[in-house]
Amino acid sequence: IDSGDIDTVARYAKTGVITDATTNPLFVSQAGANGDARYEAMVQEAVTYAKRATCAEDGCPVPEDTLNLAIDRLAVNLGKELVSLVPGRVSTEVDIRLSYDTEKSVERARSIIAMYEEAGISKDRILIKLAGTWEGIQAAKVLEKEGIQCNITLVFSFLQAAAAAQAGAYLISPFPGRILDWHKKQTGAEGYTPEADPGVLAVKRMYAYFRKYGYDTICMPASWRPSRGAAVDGSDVDEILALAGVDEMTIPQPLLDSLCSLPPDAVKRNCDPTTDAAACNDPDFRLTEESFAQYWKTDMCGQEKLKEGMDAFTAETEKLITILIEKF
């Protein structure tokens, strides 16, 4: 489920419909500003923990390392609650501002996992989310070798997906809805049939490549849009139904509600590992930093949407920093 709301996750976890949960800077920022006593307790604990760990004194300017630790601690506090609700994994994101710094991303990821383990939560229950930059993907490569499984997020192109698979990432989160947004803006099209939706086709291409060449990387799309346009009844789940059968999906509560209201025969498998692998025409070309950079220059959808997503998450992180400073 794509939610950081404890009550929403708890309600759906009881149904057996969901197995995992994901958080992102928006959800953590919302927790920081929520006002609910449960979230406020998480914030206060994060501030206290960071002050104690970095020897920051009351009344003094808050050092950057103290703030960074408080951000990560709050994400872990929220993650701990979600782990207690779902049987599977919880994704926790490394500071989006480090997405072009492999070394610092690895360092922060290790710190996040250490905090979970201090709380008695095995790293097997956690996925570290990293943005789909070359540097973020290389951080995943390092972490995966240490047994820390990673979720490469903000994936908008086949290039990012292939690089993540080649790096051994446990999972990728491509965003078909935002890919659709980009194509609609470029073409002026008001909508597509779900089967022709550019976001759906992009995700199917990634999934087919993984299955054809035996990569274990899970394809878990998220961030959905109505293929046929919002005015068409039932279109809110167009992309989800068009990708039914893909490894996993991250779905927000309103769309889960829509899916649960559908008759059973409305869902048909549209992704199949054998069939899609056979249809894959992409070579398994081994990417290097140089070749990735060259291909990336031509990928306007990937470039624009990755920047847009990172900018939005950075803005949420900055909001959270403001909230936390007030708590010190």
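This note describes salt bridges in a predicted model.

1. Basis of the values. Because the model is predicted, local features need pLDDT of at least 70 and side-chain atom pairs count only at pLDDT 80 or more, while totals for chains, interfaces and linings use all residues. Residues are numbered from 1 along each chain as its sequence is written, and side-chain values use heavy atoms, with hydrogens and water left out.

2. Salt bridges in total. The structure holds 18 salt bridges (a side-chain nitrogen of Lys or Arg within 4 Å of a carboxyl oxygen of Asp or Glu).

3. K327 and E40. The closest N and O atoms of this salt bridge are 3.0 Å apart. K327 belongs to helix α14 (residues 300–327) and E40 to helix α3 (residues 37–54), so the pair ties together parts 287 residues apart in sequence. Helices here are DSSP runs of H or I with at least four residues, and strands are runs of E with at least two, numbered from the N terminus.

4. R73 and E45. This salt bridge has its closest N and O atoms 3.0 Å apart. It links R73 in helix α4 (residues 64–83) with E45 in helix α3, 28 residues apart. R73 is buried at 8% relative accessibility, whereas E45 is partly exposed at 30% (buried means under 20% relative accessible area, exposed over 50%, partly exposed in between, with a 1.4 Å probe and protein chains only).

5. R228 and D238. Here the closest N and O atoms lie 2.8 Å apart. R228 sits in the loop between β6 (218–219) and α10 (238–242), and D238 in helix α10, 10 residues apart. R228 is partly exposed at 37%; D238 is buried at 5%.
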